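Here is a short report for a first look at a single protein chain. Please keep the view open while reading.

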Amino acid sequence: MDQFLIWLSSLEKGASVNWMYNIGLLLLLSALLWGGWLLLSSRLATIASKTHLIWDDALIDAIRALSFVMYLGVARADVIRHYGR
């Protein structure tokens, strides 16, 4: 935990030069978050499929589509920031 806090404070200062560690940690964190999202959405879809309401299935599908649109928005913002308009 101490190593993580040191790494986080170095990112805030902009003084982190260990880029391989940074990339590896960011990839690991994003993979864990994506896996958590997949697990949560599949469990919610399973629960929603057991009910007789149509609206909960529609809500789960809308949330999945919204998460994809948010991913595209973040990717677009990163490309614009990197290459300019």
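In which helix is the place of Tyr83? Tyr83 sits in helix α3. More on this residue follows below.

## Model and confidence

The model is predicted. Its mean pLDDT over the chain is 80. A score of at least 70 is reached by 92% of the residues.

Helix α1, residues 2-13, has the lowest mean, at 75. Helix α2, residues 19-49, has the highest, at 83.

## Fold and overall shape

The chain holds three helices and zero strands. Read from the N terminus, the order of elements is α-α-α. Helix α3 spans residues 55-83.

How does the chain's radius of gyration compare with that of a compact globule, and what are the values? The chain has 18 Å, whereas a compact globule of 85 residues would have a value near 12 Å. Along the principal axes, the C-alpha atoms fill a box of roughly 55 × 40 × 15 Å.

## Surface and burial

Of the 85 residues, 8% count as buried. The accessible surface of the chain is about 7500 Å². Carbon and sulfur atoms account for 72% of that surface.

## The largest pocket

The largest pocket holds about 360 Å³ of space. Which helices each supply at least two residues of its lining? They are α2 and α3. The largest share comes from α3, with six residues.

The lining consists of Ser30, Leu33, Trp34, Trp37, Ser67, Phe68, Met70, Tyr71, Val74 and Ala75.

Start with Asn22, in helix α2. Is Asn22 buried or exposed? Asn22 counts as buried because its relative accessibility is 11%, and the cut-off for buried is under 20%. Asn22 and Gly84 are 62 residues apart in sequence. In space, their C-alpha atoms are 24 Å apart.

Next comes Ala58, in helix α3. Its relative accessible area is 36%, so Ala58 is partly exposed. That class lies in between the cut-offs for buried, under 20%, and exposed, over 50%. Ala48 is ten residues from Ala58 in sequence. The C-alpha atoms of Ala58 and Ala48 are 9.3 Å apart in space.

Why does Tyr83 count as exposed? Tyr83 is exposed because its relative accessible area is 66%, and exposed means over 50%. Phe68, one of the residues lining the largest pocket, is 15 residues from Tyr83 along the chain. The C-alpha atoms of Tyr83 and Phe68 are separated by 23 Å.

Definitions and conventions
Residues are numbered from 1 along each chain as its sequence is written. This is a predicted model: local features need pLDDT of at least 70, side-chain atom pairs count only at pLDDT 80 or more; totals for chains, interfaces and linings use all residues. Side-chain values use heavy atoms; hydrogens and water are left out. pLDDT is the predictor's confidence in each residue, from 0 to 100. Helices (H or I, at least four residues) and strands (E, at least two) are DSSP runs, numbered from the N terminus. On a 1 Å grid over the protein atoms alone, a cavity is a set of points where a 1.4 Å probe fits but cannot get out, and a pocket is an open set with protein on both sides within 12 Å along at least five of seven lines; lining residues have an atom within 4 Å of a point. Grid points are joined across faces, edges and corners, and a volume is the space filled by probe spheres set on the points. The radius of gyration is taken over C-alpha atoms; the globule rule is 2.2 Å times the number of residues to the power 0.38. Buried means under 20% relative accessible area, exposed over 50%, partly exposed in between (1.4 Å probe, protein chains only). Accessible areas come from the Shrake-Rupley method with a 1.4 Å probe; for residues, only the protein chains shown count as cover.
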